[in-house]
Every structure is written in C-alpha cells, then in structure tokens.
Amino acid sequence: QVQLVESGGGLVQPGGSLTLSCVASTTTFSTFIMNWYRQSQGKERELVATITRHGDSTTYADSVKGRFTFSRNNSKNAVYLQMNNLKSDDAGVYCCKGHRTTWGMPNDYWGQGTQVVVSS
C-alpha cells in the first residue's frame, strides 16, 4: 500500500505564496503520474495540476495557470506545488494523488490533504 503525505498548507494573505509537498512511501515513485486536487467549501473537487512520471510535462487548471508550478523529485519520492499570487478562490484542502496502471488495472492512491486558507 502506497501512502502519500502532504504538508505545507497554512494561512496566507491574498497575493502571498505557499509551497505544498507530497511525499510517497514507495520505491516505485517514478511509475506514478501525480496530481494535485483541491476541495473548496461548497464546490466540487477540482483537478489543479498533473505531472508526468518523469516531470517532463505538466498541465494546469485554467484558474491557476501562470501562478502555480508543479514539480517532482523522484529521488526524494516527492512532488511540490509552488503557489504564487494566491487568491481567496484558491482556499481549500489540497490533496495529492498518485496514479498508475498495474497489469492493466488502474490504481489510485490519495493523501489526506493539507488545508490552505487565503485571508487577510
């Protein structure tokens, strides 16, 4: 069983920055496509960003393009979400997810999440 542990959330003022981290307990981290999702109050869970297995490609939700940067370090079994120019709409619980296909079957692993509060 793969465990994902997020950290780095907290309270930040509008316009501020935070960096979220997600560390995985696996020796095969490079086989996972990784995602960040967020769940904001009263809204459906939103896919924020995706990164490929070796970090050569990233995609972002339109709402965060140009402000968020998703990166990974496979030697540390970790992914990072650098969030700049934060807005009140960015508040929520951010969860990382690891996805891979094993023997043709999809497997998804989720972390517990880390909360981001954007407020002055």
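Residues are numbered from 1 along each chain as its sequence is written, and side-chain values use heavy atoms, with hydrogens and water left out. As the model is predicted, local features need pLDDT of at least 70 and side-chain atom pairs count only at pLDDT 80 or more, whereas totals for chains, interfaces and linings use all residues.

Strands are DSSP runs (E, at least two residues) numbered from the N terminus, and two strands are said to pair if DSSP finds at least two bridges between them. Four strands form an open sheet in the order β1-β3-β8-β7, with antiparallel pairing. Strands β1 and β7 (68-73) stand at the edges with a single partner strand each, so one side of each is left without a neighbour in the sheet. Neighbouring strands of this sheet are turned against each other by 15 degrees on average, direction ignored, where axes are lines fitted to C-alpha atoms and angles run from 0 to 180 degrees between N-to-C directions.

The antiparallel pairing of β1 with β3 (residues 18-24) extends over four bridges; glutamate 6 stands opposite cysteine 22 in β3, and serine 7 has serine 21 as its bridge partner. In a regular strand the side chains alternate between the two faces of the sheet.

A search of the whole structure finds one disulfide. The sulfur of cysteine 95 is too far for a bond, because the closest cysteine sulfur, in cysteine 96, is 7.4 Å away.

In the loop between β3 and β4 (33-39) lies threonine 26, which counts as buried at 12% relative accessibility. Its side chain is joined to that of threonine 28 by a polar contact of 2.9 Å. Here a polar contact is a pair of N or O atoms within 3.5 Å, of which, within protein, one must be able to donate a hydrogen and the other to accept it; residues adjacent in sequence count only if both atoms are side-chain atoms. Leaving aside neighbours within four places in sequence, threonine 26 is in contact (heavy atoms within 4.5 Å) with Val2, Phe32 and Asn77.

Five salt bridges are found in the whole structure, each defined by a side-chain nitrogen of Lys or Arg within 4 Å of a carboxyl oxygen of Asp or Glu. Aspartate 90 forms one with arginine 38 (2.9 Å, N to O), and both residues are buried. Aspartate 90 also meets arginine 67, with the closest N and O atoms 2.7 Å apart. Arg38, Glu46, Arg67 and Asp90 are linked in a network of salt bridges.

How values were computed:
Disulfide = S-S within 2.5 Å. Buried < 20%, exposed > 50% of the residue type's maximum accessible area, 1.4 Å probe, protein only.
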